[in-house]
Amino acid sequence: MASDATESTSTRRKTRGAATIYDVAKLAGVNPSTVSRALTQPGRINIVTETKIREAAKQLKYRTNPMARALPTGRTNTIGLLIADITNPVIFGIVRGAEQAAGELGYTLVIAESQESGEREARSAERIQPSVDALVLGTTRLTDEQIRELAEAKPLVVINREFPGVPNVTPNLEPGIDQALAHLEMLGHTRLVFLAGPTSSWMSRRREEALRTGAQRRGMTITSIGPTEPTIDGGRGALARVIASRTTAVIAYNDIMAIGLLRAASEHGVQVPGAFSILGFDDIFGSDFTSPALTTVRSPLALAGRYAVRRALELVGTVERSEAEAADAAALETELVIRGSTGPARAD
């Protein structure tokens, strides 16, 4: 008889749809408001009662509805991450760090890709902005004015770009660039080339400025080739200009371009690092798979994604920043990873 009753209850639940907070409350023997506190604010009620509620929710396969929760609180418990190119391995680390932080804080991460288009990025931001509590811009291609408008409408954090009045998470370039230039100087390189990224990339301009300052301090000369698409083909297409420049070392805006240049050199019988050395930026997954393996300035990408989400939710007011976390975020530094694509400068 009891079995028939249980089956009947299960059948009714299937007929009318998913379990509700009232079903959980009835099974656990508590008020619906207690269920709400237990599932949305862990630790706020007696542990025995909370455990009973969670077991009831699990038995009923109850799932919280973010949009329903947003009605009384004004929050959706989602956060938007806008990225320029989802196929770029640079994004992998940022997304992983952002997802880990969002999950730990009870948030869902929504990702939108712009395909390196500022116009697409602006449209994506406009579409998802009403449905999220905060936005994070990773590798953004938006203009200053567009960033300002977004920040005025919704809590916003920018990765790898500094903008007045808008919180940002930007790794410290100087340590890695200083190490890279010292490495090249030790190998006898004095004529360098920077293979620039797209004109819309703030980070490309910032890396070039830091390289020029550091090179000048060491008595090196550095010229620029570009702007160039931040892709394998962008790097590959720069080979002829690199050879014509008679440089002894090339520093590419990112690892993808450096790998493209390395491939083109190999296809044309140009020895690396014999004819010239190649360095990249970011230390993406696969940068050590090339032949020779790529020397690169490593950026703490996963940490950047993680800290950006936490910073965004600080602005929302759902998390507080500890002194330890603030110190860790301030320590986002780049570092040189030396592999086989750099060697002694050739003798002219």
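Leaving aside neighbours within four places in sequence, S114 is in contact (heavy atoms within 4.5 Å) with I83, A84, R120 and E121. This residue sits in the loop between β2 (108-113) and α7 (118-128); helices (H or I, at least four residues) and strands (E, at least two) are DSSP runs, numbered from the N terminus. S114 is buried, at a relative accessible area of 1%, where buried means under 20% relative accessible area, exposed over 50%, and partly exposed in between (1.4 Å probe, protein chains only).

The model is predicted, so local features need pLDDT of at least 70 and side-chain atom pairs count only at pLDDT 80 or more, while totals for chains, interfaces and linings use all residues. Residues are numbered from 1 along each chain as its sequence is written, and side-chain values use heavy atoms, with hydrogens and water left out.

Turning to charged pairs, the whole structure holds 17 salt bridges, each a side-chain nitrogen of Lys or Arg within 4 Å of a carboxyl oxygen of Asp or Glu. One of them joins R54 to E50 (3.4 Å, N to O). Both residues belong to helix α4 (residues 47-60), 4 residues apart, about one turn of the helix. R54 is partly exposed at 34%, whereas E50 is buried at 9%.

In helix α7, R123 and E119 are also 4 residues apart, and their side chains form a salt bridge (3.1 Å, N to O). Here R123 is partly exposed at 39% and E119 is exposed at 57%.

Another salt bridge pairs R207 with D282, with 2.9 Å between the closest N and O atoms. R207 lies in helix α10 (residues 202-217) and D282 in strand β9 (residues 277-282), so this pair ties together parts 75 residues apart in sequence. Both R207 and D282 are buried.
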